Structures are given as structure tokens and as C-alpha cells.
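Got a minute to go through a few labels and where they come from? Here's the thing to look at.

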Amino acid sequence: MTNQQAEQALRRRAEALALERTGQSPDEAAALSPEAARRALHELQVHQIELEMQNDELRRTQEELETSRARYFDLYDLAPVGYVTLSEQGLILEANLTAAELLGVARGALVKQPLSRFVLREDQDIYYLHRKLLFETGSPQVWELRMVKKDAAPFWMRVEASTTRDADDTSAWRAVLSDITESKRAERAIQATNAELQEFAYALTHDLREPLRMVVNFTQLLEHEYAGKLGKDADKYIAYSVEGATRIEALLKGILDYWAATEGDDLPLLPVDCNRVLAQTLSALQLSIQQSGAVVTADPLPAVVAKEIVLMRIFQNLISNSIKYRSKAAPTIHISAMRTAEGWQFSVKDNGRGIDPAHGDRIFGMFKRLHGTEIPGTGIGLALCRKLVDRHGGRIWMESKAGQGAVFHFTISTVPPS
């Protein structure tokens with residue numbers, strides 16, 4: 001049927017409908033009085049204007065729909081990550097263009113394909129485990145695994161998934177797919193470099209200790225044998241040599257302890273009674289506590305999921321610092337803990353010299369010391385505490401004023417770090 005024929009058919013239908021509504025034929029309508037004809041003409045004009053306004057509104061609505069469609073295309077199909085909707089069984093129901101590109105398949109061909117088809121065989125268990133947890137717990141799941149596509153090497157994908165309902169109200173899930181291959185390569189390169197640097201530093205530090213120990217021993221022997229025999233200047237120079245060599249030896253030992261303490265990532269995270277850990281720490285520090293006259297008290301402490309040796313080193317370093325940087329009064333140290341949104345927050349409070357708040361972050365850096373050689377030390381203890389706390393997913397900070405004591409806080413998350 002041509003356009004003209006369609007218009008004629010529409011005209012005939014409209015005339016028949018008008019006749020049905022008015023009960024008048026076109027010839028009878030022509031016999032209307034002038035007043036009735038004017039009213040009819042006015043009604044027609046008003047109706048025509050209404051139709052024109054409706055047409056304008058329809059055009060605006062159509063333009064808005066086109067704009068929304070274009071925006072949807074930009075936000076969904078051209079997003080920098082892949083979006084997929086899947087059935088509970090893992091069949092792809094819908095995917096954007098980015099997801100199709102990531103998987104190396106045309107979008108139309110993805111529908112009804114199992115996502116597991118693109119997962120590397122060795123990582124299939126990871127995929128099925130998280131998909132199962134997603135529907136069993138209802139909680140969003142995030143995981144990383146290797147995927148494959150035709151004629152390409154396996155690549156790393158990050159999957160962020162959450163449950164939803166399909167159009168027919170059946171269980172489904174949505175996933176955001178991100179290619180993290182480059183970040184994984186960079187991560188492995190950094191890990192390899194750090195491992196090499198750590199191995200080099202450990203070997204260098206360890207190998208230097210023996211000759212340095214000889215220097216210290218012979219210099220001390222020289223000081224003992226020839227004290228007062230070579231003149232005051234010689235005695236002073238020998239004392240400087242002994243002091244310098246001893247300090248270097250202490251630094252090397254501190255570095256070795258630092259490496260040793262930060263190793264052992266394979267140690268399991270287990271429930272740890274912090275009261276018992278603190279008791280062991282105080283036992284190890286018994287001599288310095290007695291010599292300084294320190295009084296150490298504590299509130300009842302919780303059990304946390306952590307590495308026991310790590311907690312002991314943190315307590316040991318913080319309590320030792322409070323004893324070392326004491327004021328003229330005997331040290332009083334109190335340990336407490338409270339539950340916060342971050343987990344358990346531990347506090348070690350003392351009545352020592354205190355620290356200017358301006359140095360609050362600097363003191364946690366390697367070899368950063370505020371008292372020079374006035375008080376012996378290596379500047380490694382607090383750096384070690386920060387590293388150990390970081391590895392437990394927490395943070396450490398200090399509150400203090402010069403001359404008014406200090407409080408060191410650190411947190412242990414109730415959610416173990418991944």
C-alpha cells in the first residue's frame with residue numbers, strides 16, 4: 001500500500017468514526033446554522049492547536065529519549081570497565097561493549113554463554129567459590145583470577161559482584177570486570193625488587209657485623225690498655241672511636257632485627273590473648289623496668305586475631321620507649337584498649353618527656369631521632385612498630401606535648417588483612 005492509499009484509508013476511517021459519533025453525514029452537517037458553524041469552526045481550531053501542542057510535547061519527549069539513549073550508551077557501553085548481568089548459574093544475560101572486548105567475543109555471541117568458559121582452568125575453583133558465597137551470604141564479593149580469550153595469553157581480571165533480580169524476578173547477579181594485568185605485573189616487579197633489596201641489605205648488614213665487632217673489641221682493648229698513657233687527646237679520640245663503633249654495631253643489629261621482625265608473613269593469624277602477650281613482654285623487660293623503677297599497669301585487654309610475636313614486639317618497643325625517654329620522675333606506664341569502628345584501639349600512656357606534636361609523624365621514620373646522642377638508641381623501634389601495625393591492617397599514631405608525657409595509640413582490625 002502506498003502512502004497516498006494509506007492516507008485515503010485513514011480519511012475514510014476518520015469520516016466513519018465522525019458519522020458514528022455525531023449521527024450526521026457530511027451533507028447534513030453542511031445544513032448547520034451560521035452560529036453552529038462558527039462554534040464548530042472554533043472547536044476545530046482549538047482542537048488543532050491542542051494537537052499541535054501535543055505534537056510539540058511528543059517531539060520534546062522523543063529528543064529527551066534520544067539524549068538519554070546516547071548518555072546510556074556512553075555510560076554503559078563505553079565504560080572503562082566491563083558490565084555483565086548473569087543468571088544464578090553464571091550464564092551471561094547482558095553485557096556492555098567493554099565486557100565483550102575484554103573477553104574477545106562479539107556482544108551478541110556472549111548471551112547465554114557461561115562466564116566460566118573464559119576463566120583459566122587453574123582458577124575455576126576461585127570463581128565457583130565466590131559465586132557460591134555470593135548467593136549464600138548475599139554479601140558483595142570481590143576476587144581476582146586469570147581469564148583467557150582466543151589467541152591471547154591469560155590475563156588478570158578483578159571481579160566485583162553483587163546479587164540482583166532478573167526481569168522475571170529470578171535470582172541473578174551483576175559483575176564489574178576490570179583488567180588488572182598491568183597492575184599485577186607492576187606489583188610482581190616491585191615485590192621482586194623489594195626482595196632483592198632486602199636480601200642485599202640483610203647480607204650487607206650481616207657481613208659487616210663481624211669486622212665491626214673486631215674494631216669495637218680492639219678499640220676497647222686499646223682504651224683499657226693505654227688509658228692515661230698516651231695523653232688526654234688520645235684518650236678522647238679512643239673514646240670517640242669506641243662510641244662510634246658501638247653505635248654502628250647497634251644500628252646494624254637494629255636493622256637485622258627489623259628485617260627479621262618484618263619477615264614471617266606466612267605465620268598464621270590466630271586468636272591471641274593480649275593479657276598473656278603483655279605479661280610475656282613485661283617479663284622480657286624485667287631488668288630495665290627494675291633499673292628504672294618503672295611502674296607498669298594495664299586494664300583487662302581483649303583477645304584479637306593477630307600474630308602473637310608481632311603484638312609482643314609492638315608492646316616491647318612502645319614500653320621500652322616510655323622507659324628510655326622518661327622524665328626525672330620514675331616512669332609510670334599504663335596500657336589500655338577500647339573497641340572502635342576500626343577494631344581494637346590499644347593505648348600506651350606514660351609520664352615521660354613528651355614530644356612536640358610537630359614531630360608526631362617524623363618519629364615513625366627509619367633512623368629518625370629527636371634527642372641526638374643524648375639518649376642512646378637507633379631510631380628503628382617506632383619505624384618497626386608502624387610496619388608491623390600496617391601489616392595487621394591497622395594504624396599507629398601519637399598524642400603528646402613536650403614535658404607532659406605521651407600516649408601511643410595503635411589499632412588492630414577485627415577483620416584480618418587479606
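Q: What makes Met214, Phe218 and Leu221 a nonpolar surface patch?
A: Met214, Phe218 and Leu221 make one of about 310 Å², with areas from the Shrake-Rupley method and a 1.4 Å probe. Bear in mind this is a predicted model: local features need pLDDT of at least 70, side-chain atom pairs count only at pLDDT 80 or more, and totals for chains, interfaces and linings use all residues. Residues are numbered from 1 along each chain as its sequence is written, and side-chain values use heavy atoms, leaving out hydrogens and water.

Q: Why is Leu221 called partly exposed?
A: Buried means under 20% relative accessible area, exposed over 50%, and partly exposed in between (1.4 Å probe, protein chains only). Leu221 comes in at 43%, so partly exposed it is.

Q: Why does Leu120 count as buried?
A: Its relative accessibility is 15%, so Leu120 gets the buried label. Leu120 is in contact (heavy atoms within 4.5 Å) with Arg146, Met147, Val148 and Pro154, leaving aside neighbours within four places in sequence.

Q: And what makes Thr98 buried?
A: Thr98 has a relative accessible area of 13%, so buried again. Beyond residues up to four places away in sequence, Thr98 touches Asp77, Leu78, Ala79, Pro80, Val81 and Gly82.

Terms used:
Patch = residues over 30% accessible without salt bridge, like charges linked within 9 Å, V, L, I, M, F, W, Y side chains within 5 Å. Salt bridge = Lys/Arg side-chain N within 4 Å of Asp/Glu carboxyl O.
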